[in-house]
Amino acid sequence: MIAANLPALQIVVPLLSAPLCVLLRDRRLAWGFAVAITWIAFAIAVALLARVMSEGVISYEMGNWAAPWGIEYRIDRLNALVLLIVTGVGALVAPAALRGIEREIPAERAPLFFTAFLLSFAGLLGITITGDAFNLYVFLEISSLASYALVALGPDRRALTAAYRYLVLGTIGATFILIGVGLLYMMTGTLNMADLSARLVAVNETRAIHVAFAFIIVGAGLKLALFPLHMWLPNAYTFSPSIISAFLAATATKVGVYVLIRFVFTIFGVAFSFEEMPLGEILLVFGLLAAFVASIVAIFQNNLKRMLAYSSVAQLGYMALGIGFASVNGLIGTLVHLFNHALMKGALFMALACVFHRLGSVDIGDIRGLGRRMPLTMAAFVAGGISLVGLPLTVGFISKWYFVLAAIEAGLWPIAVAILASSMLALIYIGRVIEAAYFQPPPPGAPPVEEAPWPMLAPTLALAGASIYFGLDTELTVGVARAAAEALMGVQP
Amino acid sequence: MDVVGHFNYWVAIALMMTGFYLVIARSNLIKKLVGLNLFQTSVFLLYITMGKITGGTAPIVKAGFELYTNPLPSVLILTAIVVSVATSAVALAIIVRIRETYGSTEEDEILRRDRE
């Protein structure tokens with residue numbers, strides 16, 4: 001009974017827990033509740049992935065309404081992987097949240113903070129699991145609205161303006177997707193994704209579908225912060241509460257990439273997106289620009305959260321690049337990087353949350369000499385950092401490997417060289433932090449600091465450890481990603 | 001080109017562009033929000049228009065009712081209206097807090113205060 005309804009429970013449990021969380025007036029109680037819910041969701045995601053890998057696609061009819069009319073939840077290998085990423089990061093970030101928000105959010109607002117967190121979490125899962133284009137829009141707005149509120153809770157007053165800008169651009173992005181979905185409905189009379197992809201073939205040539213495609217790509221591009229539509233991201237990640245930076249950086253943009261993949265490959269199809277429309281060229285150009293421009297900007301940042309935010313824009317550029325190749329290897333690169341980037345950015349932002357918890361600042365001038373004073377935190381930062389650069393034996397290497405492989409396969413040597421060159425830029429900005437933390441004396445008069453509290457440190461180390469472990473054991477990530485990529489490209493295994 | 005027959009679509013596009021322009025061009029946060037709402041509303045009109053048939057009625061299965069207007073777009077838009085109201089509520093709440101901390105809702109004024 002429960003096993004058959006797992007796809008529904010994946011959404012219903014976090015979604016219903018959010019209003020219940022408001023009723024818990026105690027911050028510890030609300031925190032414990034949120035942690036329990038994220039772990040339940042994680043367990044469900046693991047069970048779903050196991051089932052998808054053994055039995056194939058799961059189709060679940062919400063409320064027993066048959067598929068093209070009712071809302072269908074459809075879980076294949078692609079979204080089972082994304083569900084695992086979102087719930088996994090949620091389950092690791094939530095335990096750290098109680099101590100993490102001590103300095104940033106007043107105690108009486110903590111239950112509301114956890115409510116918004118659970119809503120955002122539920123929304124992201126909903127986007128991922130649904131097989132209905134309009135339902136996707138609704139969940140997109142649920143998660144986005146909760147994220148705006150979370151960003152606005154940041155300690156600095158600039159968090160408010162950052163949240164407002166995020167809201168305006170996020171709403172424009174979501175409304176663009178809504179316009180696109182409307183045009184698709186107008187031409188086909190269906191909202192179910194599988195049904196849409198079957199019916200679109202007949203009307204592919206019309207201008208309405210071309211326009212719908214453009215609206216949806218731009219809308220998804222805004223949501224995933226594809227350069228040059230990334231303007232909302234740096235401030236939102238810099239000024240939001242540290243824990244939320246870690247959560248959003250590791251999940252929200254990843255789900256944006258998922259939305260792009262789902263629309264491009266499942267609904268519009270490879271032939272339409274890359275032959276009829278010039279999506280491949282667009283993504284290659286903007287992906288490469290993102291990797292270079294955002295990495296160079298990151299080098300000049302003194303606020304480390306802002307540095308990582310620009311680095312996220314660059315990494316999202318790689319993911320767009322991987323989609324742009326329109327090949328199995330490119331897609332494997334993107335999907336593996338979705339997983340890997342969630343681990344390493346999660347670890348990096350969590351390490352900064354630990355630093356902020358002790359120092360009250362994440363400025364590069366203030367972290368001098370921190371390598372000796374907070375050794376474990378900085379070790380986690382270094383592990384995440386070298387993954388970001390893509391050194392061998394880390395997860396970053398695996399994804400870079402597939403990107404370079406896809407570039408060579410497509411005969412685009414300059415792009416392969418450019419990928420390696422832009423990785424060197426990551427070496428510079430991560431190197432600056434390592435240099436400051438390990439090779440410079442603490443600033444004179446610096447207050448003594450000790451290691452971050454364990455509830456924060458343990459998840460940070462777990463994420464950092466995972467970003468090394470999955471660099472050595474790639475069976476899970478590459479295995480699932482290859483199966484998903486082959487299914488998306490229509491290759492028969 | 002059939003201008004009169006596509007009247008609703010023209011209105012939707014005009015509203016959409018007006019709203020979009022307001023979001024980009026106005027520096028007052030409230031006016032930006034008004035633009036954003038206009039932009040969203042134009043999409044509602046687009047959806048409802050595509051479902052409407054001239055002379056069509058609600059889908060009632062009874063003698064005398066033959067031409068039906070598709071009710072689904074209207075129902076979808078009910079959901080989208082709820083989303084739009086929620087967006088406005090969150091945006092207004094953020095604007096109230098911006099006004100409390102900065103004492104202004106003008107974007108250039110806020111930027112100037114951040115530089116100080």
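# Briefing on a predicted two-chain model

Helix 18 of chain A, residues 413-439, has 27 residues and spans 38 Å from its first C-alpha to its last, close to the 39 Å expected at 1.5 Å a residue; the expected span of a helix is taken as 1.5 Å times one less than its number of residues. Helices (H or I, at least four residues) and strands (E, at least two) are DSSP runs, numbered from the N terminus.

This is a predicted model, in which local features need a pLDDT of at least 70 and side-chain atom pairs count only at pLDDT 80 or more, while totals for chains, interfaces and linings use all residues. Residues are numbered from 1 along each chain as its sequence is written, and chains are lettered from A and ligands numbered from 1 in the order in which they are written.

**Confidence**

- The predictor gives the complex an ipTM of 0.93 together with a pTM of 0.92.
- For chain B the average pLDDT (the predictor's confidence in each residue, from 0 to 100) is 88, and 98% of the residues score at least 70.
- Among the elements of chain B, the highest mean pLDDT, 92, belongs to helix 3 of chain B, and the lowest, 86, to helix 4 of chain B.

- Helix 1 of chain A, residues 6-23, has 18 residues and reaches 26 Å from its first C-alpha to its last, close to the 26 Å expected at 1.5 Å a residue.
- In helix 1 of chain A there is a kink of about 30° at A:Ser17, shortly before the proline A:Pro19; the bend at a residue is the angle between axes fitted to the seven residues ending there and the seven starting there.
- A:Ser17 is itself one of the buried residues of helix 1 of chain A, as are A:Pro7 and A:Cys21, and the cover over the buried residues of this helix includes helix 2 (27-55), strand 1 (58-61) and strand 2 (72-75) of chain A.

**The nonpolar core**

- The largest nonpolar core has 230 residues, and A:Ala34, A:Leu81 and A:Ala163 are those with the most contacts inside it; such a core is a set of buried Ala, Val, Leu, Ile, Met, Phe, Trp, Tyr and Cys residues joined through C-beta atoms within 7 Å.
- Apart from its neighbours within four places in sequence, A:Ala34 is in contact with A:Cys21, A:Ala94, A:Phe114, A:Phe117 and A:Leu118, contact meaning that the C-beta atoms of two residues, placed from the backbone, lie within 7 Å.

**Loops of chain A**

- The loop between helix 8 (207-224) and helix 9 of chain A holds A:Pro228, and the peptide bond from A:Phe227 to A:Pro228 is cis, with omega near 0°.
- A:Ala225 lies in the loop between helix 8 and helix 9 of chain A and has a positive phi of about 60° although it is not a glycine.
- Most residues other than glycine have a negative phi, and most peptide bonds are trans.
- A:Ala326, in the loop between helix 13 (304-324) and helix 14 (328-359) of chain A, has a positive phi near 50°.
- A:Pro241, in the loop between helix 9 (233-239) and helix 10 (242-268) of chain A, counts as buried because it has 25 C-beta neighbours inside 10 Å, and its C-alpha is separated by 6.7 Å from that of A:Leu153, 88 residues apart along the chain.
- A:Met374 sits in the loop between helix 15 and helix 16 of chain A, and its C-alpha is 4.7 Å from that of A:Glu451, although the two are 77 residues apart along the chain.
- A:Met374 is buried because 24 other C-beta atoms lie within 10 Å.

**Where chain B touches chain A**

- The contact takes 22 residues from chain A and 24 residues from chain B.
- On the side of chain B that touches chain A, helix 2 (29-51), helix 3 (72-102) and helix 4 (107-115) of chain B each supply at least two residues, and helix 3 of chain B gives the most, with 12 residues.
- The residues of the side of chain B that touches chain A divide into 17 nonpolar, 4 polar and 3 charged, with Ala, Val, Leu, Ile, Met, Phe, Trp, Tyr, Cys and Pro counted as nonpolar, Asp, Glu, Lys and Arg as charged, and the others, Gly among them, as polar.

Notes. Buried ≥ 20, exposed ≤ 12 C-beta atoms within 10 Å, placed from the backbone.
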